[in-house]
Amino acid sequence: WHFEFYSSDKHTVIVFFISIFWVLFYALDIFRTIRPVPKITIVRHLVSFLNLAFFYSTLYIIVNKEKHEWMAAVTILIAVIYFTTAQVLKKRMEGSGFVHAQLILSTFLLLVLATSIQFNDYTTILLWSLEAAGVVWYGLRLNFTYVWRSALLLFLVAGLKLLATKGAFAFLPLEEFKPLLNLRALTFLVGSVSLAAGAMFFGRRENSSAPLIISWLQSAACFVFFIGISVELNDFFRLQQLNQTDEIQSKLSFTRFMSLSVLWTAYSLPFVWLGLRIKKNPLLVSGLGALLLGVALASIRGIAFDPVNLFQPMVNVRAWAILLIAGTMVVQERILNTRRDANEWMPDVHRTLRIALVLFILVLFTGETRDFFQKTLLTWRSTFDSLRTPQDHQTLSDEILRLENLEQLSLSGVWLMYSVVLMIVGIWRKFSGFRIASIVLFGMTILKIFTYDLSFLETLYRIFSFIGLGLILLGVSYMYQRFKHLVFADSTSSEK
């Protein structure tokens, strides 16, 4: 009839008659619930579901096409009817648990549909997150397994929609971006809080699958919050780069990566502390993962300053970022040290963090030394084309070669001094990891000097350099023989 005779002026009549069909089957279903007929229970539930499916599908085809602005309100009205019926049956009838759960699921589904009809993108995701948390609480409160499982599915759908939404990782249009004061940031925050609330609701109920679900929800909450703060900071620097020169854009890009490293490391601190305090491994692992990412990003991106012509030794964003991250790592190390018995793998994480701290500081010293010479070399190279005579070219080439060689020798010297400091600190604080790292770094530096640094020296200077290096090795071997009981002492029980 719809395909042959329908016209827009008949939609009111159609809505009236399909509502009558729906009411007839709905009333019959409620009547059968009050006066149960056990032999046809499955058929009744199937008919009840199909009744709602056909009724709502027809309503959507008619109402949404002609009166879209009314569709969400109509959907909510139907949801209210189902929810009210569920509450009445709950109070008046015993043994109607499955029917009650079916009515609650229908209400939940209708609310989800009403949200998607009325709103778009971030608002839909935000409301879905709140609805999922509320339905988890209600389903656990009434012990309706299908209800809270459906809420978990909605969490997953909302998360996938958030990640797939245009502008989730790069705000559009960028010119209108306001850090933290935008709907995207609110959506990430509400999503994270809703997931955490869902985990809290499961923590209050006895359920065989609760520990696994709690872990997944807590991990998802940490991940959503992590992504949210990261994209906000990233877009802040993208906004600053608009309409800037190439040099300023390079500077802001470098600052962005260093700032992200600091942000991720700062993010890790409360999560590691809280995870250890309340004994929640998802929080602990999320914090340690963020710390690893922050340190890795700062190490990889921070090894070379960009743009190098703006470099100022130790007074630059790289040095400040690495020092802040190193300070956070020290705090993390102290926190982990006080809770070394929290997990069987905690001592390994504690030792790994100390070694990572050693390598991270080495990145700072290496980068600062390297960029000090690279800035000077850049200045000399920029004047190469302006020279006119071959003699000037040769003189400048020799000077550039001398600076490059001096750079390598300086790096070796810095590494040697750092290894000595590591050994002293390792003996003083009884940190075996520092002592081992000192020996490894010293050996690598000596190997670098032998195989590379001395190769570009003239013969006489090379002879004296080998003599000096031999004396250093003799002195080190003497110190090793005298203090090897301290260098390789088992400090596991004495490390504090």
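**Rings, charges and backbone angles in a predicted model**

Biologist: What is the relative accessible area of Phe236, and how is that value read?

Modeller: The model is predicted. Buried means under 20% relative accessible area and exposed means over 50%, with partly exposed in between. Phe236 has a relative accessible area of 31%, so Phe236 is partly exposed. Phe237 has 8% and therefore counts as buried.

Biologist: How many aromatic pairs does a search of the whole structure find, and how is a pair described?

Modeller: A pair of aromatic rings is described by the distance of the centres and the angle of the planes. In this structure the search finds 19 aromatic pairs. Take Phe16 and Phe17: their ring centres are 5.3 Å apart and their planes stand at 80 degrees, so this pair is edge-to-face. For Phe236 and Phe237 the centres are likewise 5.3 Å apart, with the planes at 80 degrees, so that pair is edge-to-face too. The cut-off behind this reading is an angle over 60 degrees. As for accessibility, Phe17 is partly exposed at 46%.

Biologist: Which residues form an aromatic cluster?

Modeller: One cluster is made up of Phe225, Phe226, Trp264, Tyr267 and Phe271.

Biologist: Where does the charged end of Arg256 sit?

Modeller: It sits over the ring of Phe257, with 5.1 Å to the ring centre. A lysine case is Lys448, which lies over the face of Trp415 at 5.7 Å from the ring centre.

Biologist: Turning to the backbone, which peptide bond has omega near -10 degrees?

Modeller: That is the bond from Leu172 to Pro173, and it is cis. Pro173 lies in the loop between helix H7 (145-164) and helix H8 (183-203). Another cis peptide bond joins Asp306 and Pro307, where omega is about -5 degrees. Pro307 has its place in the loop between helix H11 (281-302) and helix H12 (317-338).

Biologist: What is phi of Asp121, and where is this residue found?

Modeller: Phi of Asp121 is near 50 degrees, a positive value in a residue other than glycine. Asp121 is found in helix H6, which covers residues 121-141. With a relative accessible area of 42%, Asp121 is partly exposed.

Biologist: And Lys279: is it buried or exposed?

Modeller: Lys279 counts as exposed, because its relative accessibility of 72% is over the 50% limit. Lys279 is not a glycine either, yet its phi is positive, at about 60 degrees. Its place is the loop between helix H10 (246-277) and H11.

Technical notes: Residues numbered from 1 in each chain as written. Predicted model: local features only at pLDDT ≥ 70, side-chain atom pairs only at ≥ 80, totals over all residues. Heavy atoms only, no water. Phe/Tyr/Trp six-rings, centres within 6.5 Å; stacked < 30°, edge-to-face > 60°. Buried < 20%, exposed > 50% of the residue type's maximum accessible area, 1.4 Å probe, protein only. Lys NZ or Arg CZ within 6 Å of the ring centre and 35° of its normal. Helix = DSSP H or I, 4+ residues; strand = E, 2+ residues; numbered from the N terminus.
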